[in-house]
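Hi,

Here is the structure I said I'd pass on.

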Amino acid sequence: MVLINLEQTKKLAILFNVSIDQRYILVNFDFQINKIKEAIDSTDEKTQERIDWTKMWGSKYPILNVYQQFVDTSFYGNILDKLLTQLKHDYNLNDVDALLVLKDIMANVYKRKKRG
């Protein structure tokens, strides 16, 4: 159990722009992050290959279960394939690393657009 004194609580509340009454959100967030990290660390490569990530995330984000019916996936697939090939060539990355870098770039673009 982690104990936080009132001064630390105030500082955290200011840092995360929440009232002290909302401090439980900070603790819950920390707990969730730790659970996710543990799940990632404990999943070996063989297990990861067997997981249908689209189906897993599709239970939370239903668009993943249906987009193939109306999105021209070959069009976007070709663009993404060119980007992956370029990343691999420019930075000498393997397939997985290039995919992870491209995914991270897309996530950051999304975050920037969301912020304004």
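Below are the confidence scores and then the salt bridges.

First, the ground rules. This is a predicted model, where local features need pLDDT of at least 70 and side-chain atom pairs count only at pLDDT 80 or more, while totals for chains, interfaces and linings use all residues. Residues are numbered from 1 along each chain as its sequence is written, and side-chain values use heavy atoms, with hydrogens and water left out.

On confidence (pLDDT, the predictor's score for each residue, from 0 to 100): the chain averages 84, and 84% of the residues score at least 70. Helices here are DSSP runs of H or I, at least four residues, and strands are runs of E, at least two, numbered from the N terminus. Where pLDDT is low, the coordinates should not be read in detail.

Now the salt bridges (a side-chain nitrogen of Lys or Arg within 4 Å of a carboxyl oxygen of Asp or Glu). The count is 2.

One joins K37 and D41, at 2.8 Å from N to O. These two sit 4 residues apart in helix α2 (residues 23-42), so about one helical turn separates them. By relative accessible area (buried under 20%, exposed over 50%, partly exposed in between, with a 1.4 Å probe and protein chains only), K37 is partly exposed at 49% and D41 is exposed at 54%.

The other pairs K88 with D95, at 2.4 Å from N to O. Here K88 is partly exposed at 29%, whereas D95 is exposed at 52%.

Cheers
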